[in-house]
Amino acid sequence: PRHYLSAEDYGGPAGVPYDVQEAMAKVGAERFQKNGQAPWVIQDRLRDLVDAFKKGDRAQVAYAATILGHYVADLHVPLHTTDNHNGQNTGQKGVHSRWETGLVGRFASLESLQVMPAVHEAGLFKAPWVWMTEAYALVPKLLEDDRAADRTSPEGPRGKNRGEAYWAIFGSGQTPAVRQQLSLAGKHLAQMIQYAWLLAGKPKP
């Protein structure tokens, strides 16, 4: 649950409170724990990085930044923002892996990604909610592209046999989004590292 958030529980991304106590009150403690806490976890890991910068411990800074990066990347995966995280609600089981691993491995080489400058922006502490909203908006097309590609996949004894035609069609529809989200995750992680350094008082190396 720390790696995702089911936005539908809150009526969509716009309904997800910034305050963790308000979020618990809105959906109840049990559903809050079950349905994800990614935005608040990112804030917690940001605080860890600020503390590491203040201590001047390079190893701790590197470790805290790595952990923060994992959660920042998670929130850029569209299927980490929805209850239908693996296509289980729409008969598309396994789509999470097909997007996050299959497409990335086939169509998102390092050379294909865009390096974006980490410019400091106001309101970065609440930025995870913006990332979540943007990623959630990609879910409908992601699912539709998977359905369209799957029309080429014959049924086998263990389910769909997805071949090159499937990956070509799914890749044609989703490669721009995959590369965009990976590039944005890198940019946003760099922004958060810079932000933590600023909050720590700009310590010298």
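Leucine 142 is in contact (heavy atoms within 4.5 Å) with Pro78, Leu79, Val95, Trp99, Phe170 and Gln174, leaving aside its neighbours within four places in sequence. This is a predicted model, in which local features need pLDDT of at least 70 and side-chain atom pairs count only at pLDDT 80 or more, while totals for chains, interfaces and linings use all residues. Residues are numbered from 1 along each chain as its sequence is written, and side-chain values use heavy atoms, with hydrogens and water left out.

**Leucine 142**
- Leucine 142 lies in helix α7 (residues 139–150); helices are DSSP runs of H or I with at least four residues, numbered from the N terminus.
- Its relative accessible area is 0%, so leucine 142 is buried (under 20% relative accessible area, 1.4 Å probe, protein chains only).
- Phenylalanine 170 is 28 residues from leucine 142 in sequence and 8.6 Å away in space, C-alpha to C-alpha.

**Packing of α4 with α8**
- Helices α4 (residues 58–74) and α8 (residues 164–199) pack at an angle of about 140°, their axes 9 Å apart; the axes are lines fitted to C-alpha atoms over the stretch in contact, and angles run from 0 to 180 degrees between N-to-C directions.
- Ala65, Leu68, Gly69, Val72 and Ala73 of α4 make the contact with Ala185, His188, Leu189, Met192 and Ile193 of α8.

**Burial in α4**
- The buried residues of α4 include Val61, Ala64 and Tyr71.
- Buried residues of α4 pack against α3 (38–55), α6 (127–136) and α8.

Conventions. Helices (H or I, at least four residues) and strands (E, at least two) are DSSP runs, numbered from the N terminus. Buried means under 20% relative accessible area, exposed over 50%, partly exposed in between (1.4 Å probe, protein chains only).
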